[in-house]
Amino acid sequence: MSKISLRSAAFGLLLAALPLTAQAAGDRVIPPSLSWSFSGPFGKFDRAQLQRGYKVFKEVCASCHAASLLRFRNLSQPGGPEFSAGQVTALAATFQIKDGPNDSGEMFERPGRPADAFPSPFPNEQAARAANGGAYPVDLSVIAKARTYERGFPRFVIDIFSQYQEQGPDYIAALLAGYKDPPPEGVTLLPGQYYNTYMPGHLIAMPKPLSDGQVEYPKGADGQPQVPETVAQYAKDVTAFLVWAAEPHLEQRKRIGLQVMLFLMIFAGLLYYTKKKVWSRMPDGSAVH
């Protein structure tokens, strides 16, 4: 076969694949870009938001999802929710931890301690699937880093200059608030399926987890919640908490990164002027013009 025929065949295959590619890309709705306190090179976590996010996690998410890489003591460490040591001890004690064996060789349950890891709501994967219609609730420890979406052209080019790195948080927050009931016309749901605008394929096995007024937030001096008790706010707060869980040293990383960049700029300047001084004269002593 000639080179021209090969090129024609390859071009034909490319054209045949284009509609499928466009359909796959068009099936996914791009989540809106939200404003996050931790975004950008100078970003930091909002401590109050992380504490609210923990409350949503405990009262809603922890009933199905584990966060096995987190320990209660992490909640008091710098750069995170920064609960006090007493608060962490009280929060840990609200969980029952399986421990043992005791002197009789039996396992037992006890109140949680700050050194304990966040417990899983199910003893094993099979029990988790049995309780959720065959679906397995994923561990949320690093979900904010594991979940993302393709930005596409030209967004990914713009992201290089804008330093946008919040695809994961934007996607999770949109997913939690993206349920639609009833689903759009023409969409048929099987038992155990739910329609979500931002889920790839729009079908998800997790029921809608959040509703307005579901979690009670701390009140201000006027007796009103400091932020709205709405699905959108819950989704954003728990997402911020999950971002911290996935990257607890984010603030330290950014601080060190800025210090290194400052050092490199000063070092580059010193090298330039040193080189200019060293080579300011030729070996015979004449000045360089």
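This is a predicted model: local features need pLDDT of at least 70, side-chain atom pairs count only at pLDDT 80 or more; totals for chains, interfaces and linings use all residues.
Residues are numbered from 1 along each chain as its sequence is written, and side-chain values use heavy atoms, with hydrogens and water left out.

The pLDDT (the predictor's confidence in each residue, from 0 to 100) averages 87 over the protein chain, and 88% of the residues score at least 70. Among the helices (DSSP runs of H or I, at least four residues, numbered from the N terminus), α8 has the highest confidence, at 98, and α1 (residues 3-26) the lowest, at a mean of 37. Over residues 1-26 pLDDT stays under 50, and the model has 1 contact beyond four places in sequence for them; a contact means heavy atoms within 4.5 Å.

Pockets were searched for on a 1 Å grid over the protein atoms alone, with a 1.4 Å probe; a pocket is an open set of points with protein on both sides within 12 Å along at least five of seven lines, and its lining residues have an atom within 4 Å of a point. A volume is the space filled by probe spheres set on the points. The largest pocket has a volume of about 780 Å³. Its lining holds 29 residues, and H65, P137, V138, I204 and M206 are the closest to its centre. Helix α7 supplies the largest share of this lining, 4 residues. By class, 23 lining residues are nonpolar (Ala, Val, Leu, Ile, Met, Phe, Trp, Tyr, Cys and Pro), 1 is charged (Asp, Glu, Lys and Arg) and 5 are polar (the others, Gly among them).

The second largest pocket contains about 450 Å³ of space. Of its 21 lining residues, Q165, E166, L250, R253 and K254 lie nearest the centre. Helix α9 gives the most to this lining, with 6 residues. The lining comprises 8 nonpolar, 7 polar and 6 charged residues.

The whole structure has 12 salt bridges, each a side-chain nitrogen of Lys or Arg within 4 Å of a carboxyl oxygen of Asp or Glu. In the pair of E247 and R253, the closest N and O atoms are 2.6 Å apart. Salt bridges that share partners join R47, E82 and E251 into one network.

Terms used. Helices (H or I, at least four residues) and strands (E, at least two) are DSSP runs, numbered from the N terminus.
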